[in-house]
Amino acid sequence: PQPQQRQLQQYQRDILWLDPWTEGFNALTQALLLLQDHEGYLSSRDIARVVSKYSVVYQLDLSIQLIADLIESGETDDGFVQVRTFCEDLLAARKILEKHNQKRKQTYPSNNIQ
């Protein structure tokens, strides 16, 4: 295939990959929002448990370290995290990781095995 055709094929593969991830992330967000208390908080332990389960079920590829770092950064002294902020931070962190991985692929094209 010509370069433009290969780019189109890659774009189509990316869309197919992104759509299930988005659905899974939406399901995760909805689950966390349903579990939050009336002030919008959920215990750190519950967030870690729910995110870990949804990450496996929906193949979200969210690292345990990323989850732990985000929980720690937003945790109150009594061990609670604001759910909406956590979800926004999780999505932002993933976008940053995605950009980093794209740059790595461009820098080291020989590592791209398809």
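Author: A salt bridge is a side-chain nitrogen of Lys or Arg within 4 Å of a carboxyl oxygen of Asp or Glu. By this rule the count comes to one salt bridge. The model is predicted.

Reader: What makes Arg49 and Asp46 a salt bridge?

Author: The closest N and O atoms of Arg49 and Asp46 are 3.4 Å apart. The cut-off is 4 Å. The pair therefore falls within the rule. Side chains of opposite charge can pair when their charged atoms come close.

Reader: How many residues apart are Arg49 and Asp46 in helix α2?

Author: Three, or about one helical turn.

Reader: Why is Arg49 called partly exposed?

Author: Its relative accessibility is 40%. Buried means under 20% and exposed means over 50%. Arg49 lies in between, so "partly exposed" is the term. Asp46, at 27% relative accessible area, is also partly exposed.

Reader: Moving on to rings. How many aromatic pairs does a search of the whole structure find?

Author: Two. In one of them, the rings of Trp21 and Phe25 have centres 5.1 Å apart and planes at 10 degrees.

Reader: Why is the pair of Trp21 and Phe25 called stacked?

Author: Two tests apply. Ring centres must lie within 6.5 Å, and planes under 30 degrees apart count as stacked. With 5.1 Å and 10 degrees, Trp21 and Phe25 pass both, so the pair is stacked. The two residues are four apart in helix α1, which is about one helical turn.

Reader: Are Trp21 and Phe25 buried or exposed, and how do you know?

Author: Trp21 has a relative accessible area of 6%. Phe25 has 7%. Under 20% means buried. Both are therefore buried.

Reader: What makes Tyr54 and Tyr58 an aromatic pair, and of which kind?

Author: Their ring centres are 5.7 Å apart, with planes at 15 degrees. The limits are 6.5 Å for pairing and under 30 degrees for stacking. So Tyr54 and Tyr58 are stacked. Tyr54 is partly exposed at 25% relative accessible area. Tyr58 is partly exposed too, at 36%.

Reader: Which ring does the charged end of Arg94 sit over?

Author: The ring of Trp21, with a distance of 3.9 Å from its centre. The distance limit for a charge over a ring is 6 Å.

Reader: Now the overall build. What elements does the protein have?

Author: Four helices and two strands. From the N terminus they run α-β-α-α-β-α. Buried residues make up 25% of the 114 residues. Among contacts between residues at least 6 apart in sequence, 65% join residues at least 24 apart.

Reader: Which residues have the most contacts inside the largest nonpolar core?

Author: Leu28, Leu32, Ile47, Val51, Leu62, Phe86 and Leu90. This core has 21 residues. In soluble globular proteins, nonpolar side chains tend to be buried together.

Reader: Leaving out residues up to four places away in sequence, which residues does Leu62 touch?

Author: Trp21, Leu28, Val51, Ser55, Ile67 and Leu90.

Reader: Why is Ser55 counted as buried?

Author: Its relative accessibility is 10%. The limit is under 20%, so Ser55 counts as buried. Ser55 sits in helix α2. Beyond four places away in sequence, Ser55 touches Leu60, Asp61 and Leu62.

Reader: How do you know whether Gln59 and Asp61 are buried or exposed?

Author: Exposed means over 50%. Gln59 has 66% relative accessible area. Asp61 has 71%. Both are therefore exposed.

Methods. Residues numbered from 1 in each chain as written. Predicted model: local features only at pLDDT ≥ 70, side-chain atom pairs only at ≥ 80, totals over all residues. Heavy atoms only, no water. Buried < 20%, exposed > 50% of the residue type's maximum accessible area, 1.4 Å probe, protein only. Contact = heavy atoms within 4.5 Å. Core = buried A, V, L, I, M, F, W, Y, C linked by side-chain atoms within 4.5 Å. Phe/Tyr/Trp six-rings, centres within 6.5 Å; stacked < 30°, edge-to-face > 60°. Lys NZ or Arg CZ within 6 Å of the ring centre and 35° of its normal.
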